Structures are given as structure tokens and as C-alpha cells.
Amino acid sequence: MALMRRQSLVKFDAPLCETIVDTPKPAAREVLVRIERCGLCHSDLHIQDGYADLGGGKRLDTTRGMTLPFTLGHEIAGVVEEVGPDASKDLIGKKKAVFPWIGCGQCRDCANGDENLCVKQRFLGVAIDGGFASMCWCRTQNTCWTTIRCRSIRQRP
């Protein structure tokens, strides 16, 4: 099996470290995205710190339920590298922005296309390993995929 390189949180309030794991195999309607870009969000920094400062000496614990090593990054863009058996093969090679909010797929909100409102949601880079990696596992829902043209800031005129 191919190996995947990640920059992972191995200890809170510490720099990320490279971890190498087996590349996940997509099942059903899942896809594997080769990461071209992944943004750094302030929430990534809060998770890395292990808390979010709420002001007045109050802190929100961001370590609850998290197992280390963990790969941050939910602002993901890349190219579909592989698809599960129930996903369209036409997706392979397409550049996509990844919708990181993954719902349960069963509740009323998910049925209405509002996975971001699901009470059982799992966020890439927050609850599921994210995009600070060479590859990322994703689901293919109509609301989860946008065709994009990846460009870095340095390429802009």
C-alpha cells in the first residue's frame, strides 16, 4: 500500500511533526484527493494550542475527544486521485475544493443538503484527519464538491 505523508499534531502547544501512514482506500462513494493547497485557519491554531482564549481568563478546551497524532486542515483543495466503487470515475483527475463538514447522512438536515447543521457532524481537520497531508479522504455529496482552479497567491498578478 502507498504511504501518505502528513504534518500532524503529536502534542498540544507544540509544532506539527511529519507522520507517515498508509494511504486510505476509498469505499462506496468516497474519494481520495491529492492535496494541492490547504489553508491555515485560526481554528487550526486553537486546536494546536489545545484551547481557545474566550477572554477574561476563560478558555475553551479543544483537546476533548481528540486522539493524537491528528492532522489539521479543513480548507482543502486538490485533485481527485482515486474513487470508491460507487463514485463516478469521471471525478478522477478533477480539481476540487473539499467541503469539510460531513454529516451523518441520515438526519433531516443531511437529507435537506444541510450537512453543516447535522448534530452528528464530523469535520475534516477537526474530528477527522484533514488536509495538512499529501492525500485526504473525502465523501462525494453534491453539496460537498466544487470545481476549482487552484492558484497560489504568488501566481496572482
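**Aromatic pairs**

Guide: The structure holds two aromatic pairs, where rings of Phe, Tyr and Trp (its six-membered ring) pair if their centres lie within 6.5 Å, with planes under 30 degrees apart counted as stacked, over 60 as edge-to-face and the rest as tilted. The ring centres of Trp 101 and Phe 123 are 6.0 Å apart and the planes stand at 90 degrees, so this pair is edge-to-face. Distant parts of the chain are linked by this pair: Trp 101 belongs to strand 8 (residues 101-102) and Phe 123 to strand 9 (residues 122-123), 22 residues apart. Strands here are DSSP runs (E, at least two residues), numbered from the N terminus. Ring pairs also join Phe 99, Trp 101 and Phe 123 into a cluster.

This is a predicted model, in which local features need pLDDT of at least 70 and side-chain atom pairs pLDDT 80 or more, while totals for chains, interfaces and linings use all residues. Residues are numbered from 1 along each chain as its sequence is written, and side-chain values use heavy atoms, without hydrogens and water.

Trp 101 counts as partly exposed because its relative accessibility is 32%, and Phe 123, at 23%, is partly exposed as well. On this scale buried means under 20% relative accessible area, exposed over 50%, and partly exposed in between (1.4 Å probe, protein chains only).

Another ring has a charge over it: the charged end of Arg 59 sits over the ring of Tyr 51, 3.7 Å from its centre. The criterion is NZ of Lys or CZ of Arg within 6 Å of the ring centre and within 35 degrees of the ring normal.

Definitions and conventions: Helix = DSSP H or I, 4+ residues; strand = E, 2+ residues; numbered from the N terminus.
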